[in-house]
Amino acid sequence: MKKFKLKKIDNKKKTFLYIFMIVVIYAIVMALTSAGIINRYYNGILITVCINLILVVSLNLTTGYLGQLTLGHAGFMAIGAYAAAYFSKTFMTIPQPFSFIIALLIGGVMAMIAGLIIGVPALRLKGDYLAIITLGFGEVIKTILLSMAIIGGAKGYIGIPRVTTFTSAYVFVIITIVFVCLLIKSRHGRAIISISEDEIASEASGINIVKYKIMAFAFAAFFAGIAGGIYAHYMGIIEPKTFGFNKSIEILVMVVLGGMGSINGAVIATIAITILPEMLRSLSQYRTLMYAVTLIGVMLYKYDPRVQVLMCKAKMFCAKINPFKRKEAK
Amino acid sequence: MNVLKISNLGINFGGLRAVDNFNLEINEGELVGLIGPNGAGKTTVFNMLTGVYAPTDGTLQLGGVKYNGKTTYQIANMGIARTFQNIRLFKNCTVLDNVKVAMHDTYRYSVIDAVFRLPKYYRLEKQMNEKAIELLKIFSLEDYAESKASSLPYGKQRELEIVRALATNPKLLLLDEPAAGMNPNETKELMNTIKKVRDEFKIAILLIEHDMKLVKGICEKITVLNYGCVLAEGDVETVLSNKSVISAYLGD
Ligand SMILES: Nc1ncnc2c1ncn2[C@@H]1O[C@H](COP(=O)(O)OP(=O)(O)OP(=O)(O)O)[C@@H](O)[C@H]1O
Ligand SMILES: [Mg+2]
């Protein structure tokens, strides 16, 4: 008789592989930097990739796993950026790594509070209110920042210590990804996913759907705030117009393109979309057009049976070359 | 002691009185049938019992405690679990995860436990897995534990919904047409399993069903609804031979 056996709760081998990859990627970048192959320009692109990764992975929590469309992720990034920058500029005397870390945490927490303020009323309603409210929220934040002279207004907020390095950005990418992955594989994560699958069944199974919607939304806002802080301390100057609707859509496109609710997909899509325009500088004026076309394309063809067959084949291929495949007992 | 007591329950949808003056008492371990022609209001009764619809009037009591106005998830955690007429599984999740979602309230650990993978996380996840497999075994679904729920054949999906409902640890289980779309063999098997579930878990079951063989086979008493009103109630033989019940089903 075949005895049934479940997969381990956390696959140790897989965990080691991921840790190995994290270390190797970091080592490669460091080696290339000290060899002078990664110059300031490439370093900048890498940091941008890191910032976008944090934004995309966090948005994936609400739009991918929770299944709620939000259109104002850049708004949370803005709050994080300005809050972190304000802290750094006000408390210049605190020694460096601490000041930066505290600034980022403050940015994250402020964004999270903003997330709660708009999420609590919006997520209580059933339907697509969240998309509309977050869209409005993003624009309102931008307008408020424009009108605040104390943080530079439309001229931009200048003189932020430029302390972001690839290392610090990379560390926060890892923290974000690990957090989301571990959260998703827990009772909280299952609750969040069940909401996107079927709200009614989820509630009938005892899930407080309002609580979990707010939780996912608040965590996403927190990490967007962190990303904002990293961005502010990389640029040294921030302007409200950077955090507009276009930025929100850019993040959303990466989430959708990566396949909602998939971390690996999101990472690949982010890297591709961040780096491609840099490679194709001459085409950069078509960037927005490209986003629109890709987004429409994905929506049109995602459920096309031909595409699904292709995806299935790709998955089977991946499974075949997967070194961690479980050996079936005879 | 009665598990559920429904008194004078009614609901209006605009001008439509979908359910009117509905009374029902279910005792511990009882298996009760709710039958009636299409559109009679059976599913609406379930929706009111589980807080999906707010009744226009009447009171609902679970174990002697009035629970009108509680939300769906609170009612689920108080001990009323249900299945749906049109299967509502978490399709893209595994069979195991479908069951584990419903164990959310019983096995509690915090976000901190989860993201730092503290011992409590592993301990409770392991317990959950064991319990879930135990429940899946009732319907011999354990071999499918790691398959996607949507990949199950139709009959198995219906059974998985029952398992998921049982995973909330209910006192009362509501089944909305559990045998719909099943062939006679599957229905027979399902009948035995429902009885077994009742005996093993010592829970009360209220089921909506059109298949009279199933109803006659397992229900101890039945209530007949027609146009939102109770047409007859009592033990199965008497009710099914009732003239007005026959004419409601066959037309005049
Ligand atoms: N949300 C709603 N809004 C308006 N009318 C509704 C709503 N839900 C149900 N109804 C109406 O209430 C009546 C009873 O519906 P219900 O689904 O409870 O019937 P049922 O007995 O379960 O039938 P079936 O055997 O076909 O499942 C129907 O006339 C239906 O159209
Ligand atoms: Mg019905």
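This is a predicted model: local features need pLDDT of at least 70, side-chain atom pairs count only at pLDDT 80 or more; totals for chains, interfaces and linings use all residues.
Chain A is helical in its secondary structure, with 13 helices and 0 strands. The C-alpha atoms of chain A occupy a box of roughly 75 × 55 × 40 Å along the principal axes. How does the radius of gyration of chain A agree with that of a compact globule? For 330 residues such a globule would have a value near 20 Å, and chain A has 21 Å, so the two agree.

Chain B has both kinds of element, namely 10 helices and 10 strands. Its C-alpha box, again taken along the principal axes, is roughly 65 × 40 × 35 Å. The globule rule gives a radius of gyration near 18 Å for the 252 residues of chain B; the value for the chain is 19 Å, so here too there is agreement.

Rolling a probe the size of a water molecule over the atoms shows where empty space is left. The second largest pocket holds about 710 Å³ of space. Its lining consists of 26 residues, and those closest to the pocket centre are A:Thr48, A:Thr242, A:Lys247, A:Glu250 and A:Arg287. Several helices of chain A each supply at least two lining residues: H2 (40–65), H9 (209–235), H10 (245–257), H11 (263–279) and H12 (287–301). Of the contributions to this lining, that of H2(A) is the largest share, at 6 residues. Sorted by class, the lining of the second largest pocket comprises 12 nonpolar, 8 polar and 6 charged residues.

Ligand 1 is the last topic. Around ligand 1 there are 14 residues, the closest being B:Gly39, B:Lys42, B:Thr43, B:Thr44 and B:Gln85. In chain B, strand S2 (16–27) and helix H1 (42–49) each provide at least two residues of the shell. H1(B) gives the most, with 3 residues. The shell divides into 5 nonpolar, 7 polar and 2 charged residues.

Which atoms of the protein lie at 2.9 Å from an oxygen atom of ligand 1? A polar backbone atom of B:Gly39 is at that distance from a ligand oxygen, and a polar backbone atom of B:Gly41 is likewise 2.9 Å from an oxygen atom of ligand 1. With B:Lys42 the side chain takes part: one of its N or O atoms is 2.8 Å from an oxygen atom of ligand 1. Taken alone, ligand 1 exposes 640 Å², and the protein buries 65% of that area.

Note on methods
Residues are numbered from 1 along each chain as its sequence is written. Chains are lettered from A and ligands numbered from 1 in the order in which they are written. Side-chain values use heavy atoms; hydrogens and water are left out. On a 1 Å grid over the protein atoms alone, a cavity is a set of points where a 1.4 Å probe fits but cannot get out, and a pocket is an open set with protein on both sides within 12 Å along at least five of seven lines; lining residues have an atom within 4 Å of a point. Grid points are joined across faces, edges and corners, and a volume is the space filled by probe spheres set on the points. Helices (H or I, at least four residues) and strands (E, at least two) are DSSP runs, numbered from the N terminus. Ala, Val, Leu, Ile, Met, Phe, Trp, Tyr, Cys and Pro count as nonpolar, Asp, Glu, Lys and Arg as charged, and the others, Gly among them, as polar. A residue is near a molecule or strand if one of its heavy atoms lies within 4 Å of it. A polar contact is a pair of N or O atoms within 3.5 Å; within protein, one must be able to donate a hydrogen and the other to accept it, and residues adjacent in sequence count only if both atoms are side-chain atoms. Accessible areas come from the Shrake-Rupley method with a 1.4 Å probe; for residues, only the protein chains shown count as cover. The radius of gyration is taken over C-alpha atoms; the globule rule is 2.2 Å times the number of residues to the power 0.38.
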